[in-house]
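Please read it alongside the sequence and the coordinates.

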Amino acid sequence: MKNKKTTIIGMTVVILLAILTVYVMISQSKTFNFQNFINLLSNAWWPWIVLAVFGMVGFIYFEGLAIVLIARVFGFRKRKRKSFMYAAPDVYFSAITPSATGGQPASAFFMIKDGITAASATMTLLINLIFYTMSIVVIGLACFIISPGVIGHFDWLSYIMITVGFVLQFIMIAVFLLLVYKSVIVKKAASIILHFFKKIHLIKHLDKKLKKLDKMEVEYKQCASVIKFNKKKLGVAFLCNMAQRISQILVSVFVFIGIEKNFSKILDVFATQGFVAIGSNSVPIPGAVGAADYLFIDGFADLCSDPVSIELVSRGISFYVCVVVSGLITVGSYIFLRMRAKKKKQKRK
């Protein structure tokens with residue numbers, strides 16, 4: 001019941017933020033005109049808009065494919081079509097919970113229901129999270145290389161968000177690497193901090209938290225072992241994470257081409273959207289609603305005459321349509337698993 005209430009609250013917050021964001025963008029924009037927006041859509045190169053939709057689907061699929069490939073390392077030979085079942089809940093619940101906290105538990109739920117053990121599901125998602133974070137940094141660095149000048153298109157607030165996003169991702173990678181290969185160091189540091197917090201009465205039940213530390217150390221040691229002996233297979237999973245991020249960025253690139261009918265700025269558009277993705281990762285708002293929109297309009301203002309119109313189409317496909325599609329897949333997967341469980345129960349009788 002508590003989870004249902006949290007989900008409903010999260011959905012409500014996202015919807016309200018989305019309505020408020022669209023209203024503010026339209027009302028404050030000097031270039032946006034509803035009739036012009038309709039004309040832009042009617043005159044757009046629609047094959048490119050369709051490609052943008054495929055980019056959105058790729059964002060879901062490639063995450064799930066990475067999860068399937070990692071799960072195979074643990075001995076669970078799941079078919080690639082299960083990719084949507086494992087990824088859609090993550091995408092959906094990440095979008096409606098602050099800092100994407102609900103995504104991985106939701107994905108783990110479906111993996112376990114589909115026959116993957118809880119321990120293997122946890123390890124699979126942990127490795128996938130490491131690859132996901134690494135792919136963001138790699139693509140961010142690539143954006144700097146292919147079009148370093150576009151960073152100057154952003155204002156000071158956007159620049160701060162992008163910088164914080166980069167720093168946070170680097171810190172996460174450093175922590176992951178330490179946890180995987182030097183877990184003892186992290187454990188000792190965390191233990192010292194917990195004892196200090198206990199001493200100044202900031203936390204309770206120190207013993208339980210220390211036990212969680214022990215469990216975490218074991219998990220990350222297992223993770224290190226898995227990575228060490230399955231580098232080639234996991235390398236493919238990392239490439240899938242790269243493909244996931246690129247698919248999301250290409251949504252904006254395809255929409256830009258479809259509306260602006262301009263191929264000369266493709267690299268600038270790709271890099272700008274890459275920086276938008278990095279900056280929005282630093283904001284702990286469900287779906288980064290508002291922050292991502294601000295970054296997009298700010299970054300694309302120097303690339304096109306009507307960034308609001310392009311943002312509405314691009315963000316509409318890459319986030320709002322994506323959330324709806326992921327939600328429908330999540331519901332469908334839940335019904336499928338329930339029906340399958342009932343059939344198995346009836347056969348046993």
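The model is predicted, and side-chain atom pairs count only at pLDDT 80 or more. It holds 15 aromatic pairs. One of them joins Phe 109 and Tyr 334, whose rings are stacked. This pair links distant parts of the chain, since Phe 109 belongs to helix α5 (residues 103–113) and Tyr 334 to helix α13 (residues 307–348), 225 residues apart. Phe 109 is partly exposed at 35% relative accessible area, and Tyr 334 is partly exposed at 37%.

Another pair, Phe 319 with Tyr 320, is edge-to-face. Phe 319 is buried, with 8% relative accessibility, whereas Tyr 320 is partly exposed, with 24%. The geometry of both pairs is listed here.

| Pair | Arrangement | Centre to centre | Angle between planes |
|---|---|---|---|
| Phe 109 and Tyr 334 | stacked | 6.4 Å | 25 degrees |
| Phe 319 and Tyr 320 | edge-to-face | 4.9 Å | 80 degrees |

Arg 315 takes part in contacts with the rings of the second pair. Its charged end sits over the ring of Phe 319, 4.3 Å from the ring centre. The charged end of Arg 315 also sits over the ring of Tyr 320, at 5.9 Å from the centre.

Elsewhere, ring pairs join Phe 144, Phe 154, Phe 166, Phe 170 and Phe 275 into a cluster.

Turning to the cysteines, how many disulfides are there? The count is 0 disulfides. Cys 240 counts as buried because its relative accessibility, 6%, falls under the 20% limit. Cys 322 is also buried, with a relative accessible area of 2%.

Methods:
Residues numbered from 1 in each chain as written. Predicted model: local features only at pLDDT ≥ 70, side-chain atom pairs only at ≥ 80, totals over all residues. Heavy atoms only, no water. Disulfide = S-S within 2.5 Å. Buried < 20%, exposed > 50% of the residue type's maximum accessible area, 1.4 Å probe, protein only. Phe/Tyr/Trp six-rings, centres within 6.5 Å; stacked < 30°, edge-to-face > 60°. Helix = DSSP H or I, 4+ residues; strand = E, 2+ residues; numbered from the N terminus. Lys NZ or Arg CZ within 6 Å of the ring centre and 35° of its normal.
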